[in-house]
Amino acid sequence: MDRRRQRLRVVAGCQVTLAERWRAARPPVAGLHLDSAACSRQSFAALDAAARHARHEAEVGGYVAAQAATPVLEAGRAAVAALGGMSDAEVVFTTGSLHALDLLLGSWPPGGRTLACLPGEYGPNLALMAVHGFARRPLPVDDVGRVDVDEAAAGLAADPPELVHLTAVASHRGVVQLLAAIRQLCAELGLPLVVDAAQALGHVDCAVGADAMYASSRKWIAGPRGVGALAVRPTLMQRLRPRLPPPDWVSPLSVAQRLELGEANIAARIGFSVALGEHLASDPPQMRARLADVGRATRTVLAEVPGWSVVEAVDEPSAITTLAPTDGADPNTVRAWLIAERRIVTTAAGVERAPLELTGPVLRISPHVDATTDDLAMFAAALADATAAA
């Protein structure tokens, strides 16, 4: 019996926690992984499923293998729709979140080009909005960047945009937006709501029934890189005008099929679908509660590290902790030191992640459900050493 099966058998035969099951389902980590908001660690099941498909492609041909994989892929689509509270949505696989937004905005129906979004919008999203000719209107926010629903209601009613784009959890700050309240507001005003769930899917509750939602595989769902999904409900889907094939061509393809047209890494999509299934089987509310606990513990441990200030409130229901330097430390230098000297992985987020809100680079820590108090204490000590050395 290989070591992987031994680890899983030991866990299966004991009373174990969600954290222990999650860790046992993955290869042993080489160091300390505190970077799930960038790229989580895949499970044995997701890795094996992708590898088996790649082998099947070599045995029977890529297109034959893709056809055989249809049930797994359809299950993955259904899981995305379920996690978004969008049971009637059609789900399109993409190469990631940015690709999904490009497809959506590039196919937006003719007419006005205005959208409302947060001042702390993700930088590459802002670039795509500009490329596709959308004028932005800022949603009102409080002092931590969370949308002010009452002020938003007045502004959106007085001058409605063509759509509201809400990034549920930002890339540079672990503040959870009021998704359900904004969904209700948009429904009352008849405005399409598009949710960027790149940092939210598998992390916070996204089941609000937005008109469109998109996300990546590699973050909190812990699937492979290079794949994501765009879910669109029927009323909006039928209004979209995909770029391919050209409109004057006669095509039997549906709107969703046209959006997904092109080359695809089917093995990655299968790995994503398996990871989604594992997430659903792990009890998503329990996962969200555990991630909130991890975030709370992380912020508590890091509150006293010299040279850094914790950005989020201790009880923010998020596993992301952002550290702003207070004495001139460079997050990029500190991140590089942590990897080279202690094999600890974090993210240094530059101002380009939120160019309308960030004033300087920050360090982001994002452990998954398997983080322990010892892990967090180890990181706090390493961060103090890294800061002194930088």
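These are my notebook entries on a few local features of this structure.

**Ground rules.** I am working from a predicted model, where local features need pLDDT of at least 70, side-chain atom pairs count only at pLDDT 80 or more, and totals for chains, interfaces and linings use all residues. Residues are numbered from 1 along each chain as its sequence is written, and side-chain values use heavy atoms, with hydrogens and water left out.

**Entry 1: Arg77.** I looked up where Arg77 sits and found it in helix 5, residues 70–83. Helices here are DSSP runs of H or I with at least four residues, strands are E runs of at least two, and both are numbered from the N terminus. Is Arg77 buried or exposed? Arg77 counts as buried, because its relative accessibility is 16%. The cut-offs are under 20% relative accessible area for buried, over 50% for exposed, and partly exposed in between, with a 1.4 Å probe and protein chains only.

Next I checked its partners. The Arg77 side chain makes a polar contact with the side chain of Glu260, at 2.9 Å. A polar contact is a pair of N or O atoms within 3.5 Å; within protein, one must be able to donate a hydrogen and the other to accept it, and residues adjacent in sequence count only if both atoms are side-chain atoms. Leaving aside neighbours within four places in sequence, I list Val91, Val92, Phe93 and Glu260 in contact with Arg77. Contact means heavy atoms within 4.5 Å.

**Entry 2: the aromatic pair.** I searched the whole structure for aromatic pairs and got 1. Phe93 and Phe272 form it, edge-to-face, at 6.3 Å centre to centre and 70° between the planes. Rings of Phe, Tyr and Trp (its six-membered ring) pair if their centres lie within 6.5 Å; planes under 30 degrees apart count as stacked, over 60 as edge-to-face and the rest as tilted. The pair links distant parts of the chain, with Phe93 in strand 2 (residues 90–94) and Phe272 in helix 12 (residues 266–281), 179 residues apart. Phe93 counts as buried at 2% relative accessibility. Phe272 is buried too, at 0%.

**Entry 3: helix 13 against helix 15.** I took helix 13 (residues 284–302) and helix 15 (residues 373–389): they pack at an angle of about 35°, with axes 10 Å apart. Axes are lines fitted to C-alpha atoms, for helices over the stretch in contact, and angles run from 0 to 180 degrees between N-to-C directions. Helix 13 gives Val294, Ala297, Thr298, Val301 and Leu302 to the contact, and helix 15 gives Leu376, Ala377, Phe379 and Ala380. I sorted these residues into 8 nonpolar, 1 polar and no charged.

**Entry 4: loops and backbone.** I noted a cis peptide bond between Leu244 and Pro245, with omega about -15°. Pro245 lies in the loop between helix 10 and helix 11. Pro247 is in the loop between helix 10 (234–237) and helix 11 (255–259), and is exposed at 73% relative accessible area.

Then I looked up positive phi values. Asp283 has phi near 75°, positive in a residue other than glycine. Asp283 lies in the loop between helix 12 and helix 13 and is partly exposed, at 36%. Arg343 is not a glycine either, yet has a positive phi of about 55°. Arg343 sits in the loop between helix 14 (331–342) and strand 11 (344–345). At 52% relative accessibility, I log Arg343 as exposed.

Conventions. Ala, Val, Leu, Ile, Met, Phe, Trp, Tyr, Cys and Pro count as nonpolar, Asp, Glu, Lys and Arg as charged, and the others, Gly among them, as polar.
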